[in-house]
Amino acid sequence: MKKTILTIILTIFAVVILVILANFIRNFLLLNKLINKDYKMENYKYTISNIDTTKTEEISYMSYYKKDNMGKTEQVYKGEIILQIISDSNTNKAYIVDANGKATLEEKTRQGVPEEVPSIKYAIENPAFNIFSYSITHILPTIDINGRECIPIKLEDELYYIEKDTGYLVRKQDNFGIYSGASLEEEGYLITDYTPIQQNVVTDEDVAIPETVQ
């Protein structure tokens with residue numbers, strides 16, 4: 001009888017160890033493959049939307065364009081383009097175009113749009129992320145976000161949804177609190193959604209420096 005109970009206990013223990021090991025191997029291989037992927041591109045476009053859950057009526061959009069050394073950031077609010085920043089990585093200069101189309105050369109230089117697109121690398125830059133410990137202590141379920149198959153990565157107050165097949169960042173959620181003195185009045189989230197990366201769609205006209213710069 002004692003041998004039977006001991007055998008059952010050892011069997012359960014062995015199964016638990018195998019499940020933990022299998023989960024670790026699956027997570028590590030998946031994350032390692034995505035982390036080591038090359039996310040550099042010469043020509044791409046994507047758009048992000050920002051929404052504060054405490055102010056759901058206020059949604060802003062930012063579109064990012066890159067072609068060779070030129071980049072453009074375009075801010076849209078309530079359907080209107082309110083600001084454009086066109087940057088030249090070769091000269092490290094930026095040109096600001098306001099809602100009225102007035103263009104000015106920015107006095108303080110600004111770095112151009114980065115070559116790397118938003119990906120799992122945004123998450124692993126968080127100091128709390130360690131691929132070994134994360135792989136063994138977490139289960140990575142598959143979650144549908146805007147029709148895209150994603151895996152969640154939770155780090156402190158940040159939650160990242162990474163497209164499982166591509167490694168692209170689909171959603172980033174930041175937790176925050178609204179306080180009155182030491183009392184928490186309201187808890188909210190800043191949710192940033194990223195559209196799929198469109199490659200080889202940006203033209204020279206999309207990132208052209210305005211002819212008239214003040």
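Lys 66 counts as buried, at 3% relative accessibility. The cut-off for that class is a relative accessible area under 20%.

The surroundings of Lys 66 can be listed by contact. Once neighbours within four places in sequence are set aside, Lys 66 touches Met 41, Glu 42, Asn 43 and Tyr 44, then Gly 71, then Val 113, Pro 114 and Glu 115, and finally Val 202. The lysine side chain also reaches a backbone atom: the oxygen of Asp 68 lies 2.5 Å from it.

Lys 66 and Glu 42 form a salt bridge, and their closest N and O atoms are 3.6 Å apart. Because Lys 66 sits in strand 2 while Glu 42 sits in the loop between helix 1 (2-35) and strand 1 (43-52), this pair ties together parts that are 24 residues apart in sequence.

Two salt bridges of Lys 67 can be followed in turn. In one of them, the side chains of Lys 67 and Asp 68 meet with an N to O distance of 3.5 Å. Asp 68 is partly exposed, its relative accessible area being 43%.

In the other, Lys 67 pairs with Asp 204, and the closest N and O atoms are 3.1 Å apart. Asp 204 lies in the segment after strand 12 (198-199) and Lys 67 lies in strand 2, so this bridge ties together parts that are 137 residues apart in sequence. Asp 204 is exposed, with a relative accessible area of 51%. Through shared partners, the salt bridges join Lys 67, Asp 68 and Asp 204 into one network. The total for the model is 9 salt bridges.

Backbone geometry gives another view of the chain. Most residues other than glycine have a negative phi. Lys 78 has a positive phi, near 55°, although this residue is not glycine. Its place is in the loop between strand 3 (70-77) and strand 4 (80-88). Lys 78 counts as exposed because its relative accessibility is 67%, with the cut-off for exposed being over 50%.

Glu 156 is a further residue other than glycine with a positive phi, here near 50°. Glu 156 is found in the loop between strand 8 (148-155) and strand 9 (158-163). At a relative accessible area of 59%, Glu 156 is exposed.

Confidence remains to be considered. The mean pLDDT of the protein is 86, and 90% of its residues reach 70 or more. Confidence is highest in strand 7 (residues 143-145), at 96, and lowest in strand 11 (residues 183-194), where the mean is 78. Where pLDDT is low, the predicted coordinates should not be read in detail.

Note on methods
Residues numbered from 1 in each chain as written. Predicted model: local features only at pLDDT ≥ 70, side-chain atom pairs only at ≥ 80, totals over all residues. Heavy atoms only, no water. Helix = DSSP H or I, 4+ residues; strand = E, 2+ residues; numbered from the N terminus. Buried < 20%, exposed > 50% of the residue type's maximum accessible area, 1.4 Å probe, protein only. Polar contact = N/O pair within 3.5 Å; in protein donor to acceptor, adjacent residues only side chain to side chain. Contact = heavy atoms within 4.5 Å. pLDDT = per-residue confidence, 0-100. Salt bridge = Lys/Arg side-chain N within 4 Å of Asp/Glu carboxyl O.
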